[in-house]
Amino acid sequence: LTGNYEERDAVVLGGGIFGLFAARTLLSKKSSVTLLERDPKIFSRASSINQARVHLGYHYPRSLGTALYSAQFFNRFVEDYAECINRSFDKIYAISSRNSYTSAAQFESFCRMLNIPVEPVSPHLYFSRGSVEGCYLTKEYTFDAKLLANAVGGKVLDDPRFELSLNNFCVRVESSGSHYLLTCADGRKIKTPLVVNATYASVNQVLELFDQECLPMKYEITELALGGVSESFQNVGITVMDGPFFSLIPHGLTGLHSLTGVEYTPHESSAKSLPTFSCQSETNGCSPKILKNCDTCSSRPKTSSHFMYQLAKRYLSSSFEFKHERSHFAVKAMLRTSEVDDARPTYVLVSGNGPKLVSVLSGKINTIYELERALS
Ligand SMILES: Cc1cc2nc3c(=O)[nH]c(=O)nc-3n(C[C@H](O)[C@H](O)[C@H](O)COP(=O)(O)OP(=O)(O)OC[C@H]3O[C@@H](n4cnc5c(N)ncnc54)[C@H](O)[C@@H]3O)c2cc1C
């Protein structure tokens with residue numbers, strides 16, 4: 001203790017995959033790391049509520065940079081977290097016959113340029129007649145978020161040099177020489193030379209608290225519908241590209257499929273610097289400055305799963321059925337520039353003179369390794 005401040009080598013804000021991976025990376029060099037998580041448990045927002053796709057690039061025919069970037073980390077991620085990966089399904093990408101931004105020929109040449117597997121297969125196996133222009137067997141996996149939380153969190157949580165503080169966050173920041181002086185919501189005071197801001201949809205809230213310039217952000221309240229599918233689709237993942245279509249993929253190893261629709265998954269979007277949504281007026285304590293968890297919120301949107309189901313039914317063969325079991329909601333955060341080319345870079349920003357604030361806005365789960373570079 002220095003005065004009434006506890007000294008820690010580093011403080012991580014946010015207990016999603018990026019925060020836990022940051023803590024794990026820091027523990028290879030530091031002897032005391034504290035992680036503050038606003039929610040009552042770790043992995044309660046985007047790290048659990050997402051399509052669980054381990055990207056190899058197929059999804060980004062309009063952003064070669066994002067495609068190459070996804071491919072770069074694919075092998076390492078599926079090897080490091082092999083026990084969390086579902087490989088055992090047919091990964092089908094198809095190009096819609098109507099309104100697609102990318103044609104079948106363009107998709108094929110894009111895959112060949114990236115040197116990723118793309119094998120044309122008959123659309124009749126999965127699709128109704130005429131609904132798609134091209135249909136391909138590809139290589140793509142999904143991860144199981146619960147197993148991933150154990151795998152990434154496991155080693156960190158048991159480390160005596162690591163401390164997890166739940167229901168806690170930083171309310172005040174001052175600088176003193178080479179250190180930050182943090183005051184936490186529970187009244188605790190911490191002195192540290194390094195803070196990692198891994199709060200994803202709250203990244204700008206933290207940047208503002210640290211008196212730093214905000215990122216140009218866009219936010220969406222998104223819905224992930226989970227359910228069971230008819231037998232002929234149980235070992236299949238379908239993604240129809242490239243525009244207002246849908247994805248239906250095995251949700252890790254849960255036995256359920258996630259169903260999303262480009263037009264129905266986002267319920268409300270905000271292009272303000274801080275996440276600003278109409279439901280915040282009804283929600284106790286949620287505001288542009290404090291973003292609460294949509295998944296546990298009583299004002300979360302009503303499900304659009306029936307619209308997603310109708311859309312999928314229009315494309316898929318008549319044997320397709322989806323029995324909606326439940327939906328989860330999370331705020332998706334991205335840079336405003338990604339609207340142009342659909343790019344999803346993982347952005348790491350180092351700021352502060354003296355003490356350092358490292359902020360990460362991730363586009364893809366398998367880009368956690370970017371933190372190794374930044375934190376070294
Ligand atoms: C609908 C959807 C689908 C997606 N699909 C995919 C996909 O298929 N594949 C893929 O790779 N990626 C996908 N993503 C992106 C991926 O989910 C994110 O890039 C990733 O989960 C972000 O991880 P994170 O740890 O940064 O954020 P989170 O998991 O959201 O963790 C941030 C944590 O910070 C906490 N927090 C917030 N404010 C504070 C504060 N002030 N102090 C302390 N704690 C705070 C939050 O409670 C939260 O636990 C998807 C995202 C969404 C929303």
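Visitor: What makes R38 count as lying over the face of F169?

Guide: A charge sits over a ring if NZ of Lys or CZ of Arg is within 6 Å of the ring centre and within 35 degrees of the ring normal, and R38 lies over the face of F169 at 3.8 Å from the ring centre. The charged end of K91 also sits over a ring, that of F89, 5.1 Å from its centre.

Visitor: What should I know about the origin of these values?

Guide: This is a predicted model, in which local features need pLDDT of at least 70 and side-chain atom pairs count only at pLDDT 80 or more, while totals for chains, interfaces and linings use all residues. Residues are numbered from 1 along each chain as its sequence is written, and side-chain values use heavy atoms, with hydrogens and water left out.

Visitor: Why is the pair of Y58 and F107 called tilted?

Guide: Rings of Phe, Tyr and Trp (its six-membered ring) pair if their centres lie within 6.5 Å, and planes under 30 degrees apart count as stacked, over 60 as edge-to-face and the rest as tilted. Y58 and F107 stand 6.5 Å centre to centre with 40° between the planes, and the pair is therefore tilted. The pair links distant parts of the chain, with Y58 in the loop between β4 (53–54) and α2 (64–80), and F107 in helix α3 (residues 104–114), 49 residues apart; helices (H or I, at least four residues) and strands (E, at least two) are DSSP runs, numbered from the N terminus.

Visitor: How do you know whether Y58 and F107 are buried or exposed?

Guide: Buried means under 20% relative accessible area, exposed over 50%, and partly exposed in between (1.4 Å probe, protein chains only). Y58 has a relative accessible area of 0% and is therefore buried, and F107, also at 0%, is buried too.

Visitor: What makes Y69 and F73 an edge-to-face pair?

Guide: Their rings lie 5.6 Å centre to centre with 85° between the planes, and since the label applies over 60 degrees, the pair is edge-to-face. Both residues lie in helix α2, four residues apart, about one turn of the helix, and both are buried.

Visitor: Which residues touch the most other members of the largest nonpolar core?

Guide: A nonpolar core is a set of buried Ala, Val, Leu, Ile, Met, Phe, Trp, Tyr and Cys residues joined through side-chain atoms within 4.5 Å. Of the 58 residues in the largest one, F77, Y81, F107, F143 and L148 touch the most other members. The largest share of this core, seven residues, comes from helix α1 (residues 17–26).

Visitor: Why is strand β16 described as largely enclosed?

Guide: Six of the six residues of strand β16 (residues 236–241) are buried, so the strand is largely enclosed by the rest of the structure. Both faces are covered, by the count of V236, I238 and V240 as buried on one side and G237, T239 and M241 on the other.

Visitor: How do you know that β16 pairs with β6 and β17?

Guide: Two strands pair if DSSP finds at least two bridges between them. Strand β6 (residues 90–96) and β16 pair in the parallel sense over six bridges, with V240 in β16 as the bridge partner of A94. β16 and strand β17 (residues 246–250) pair in the antiparallel sense over two bridges, and I238 stands opposite L248 in β17.
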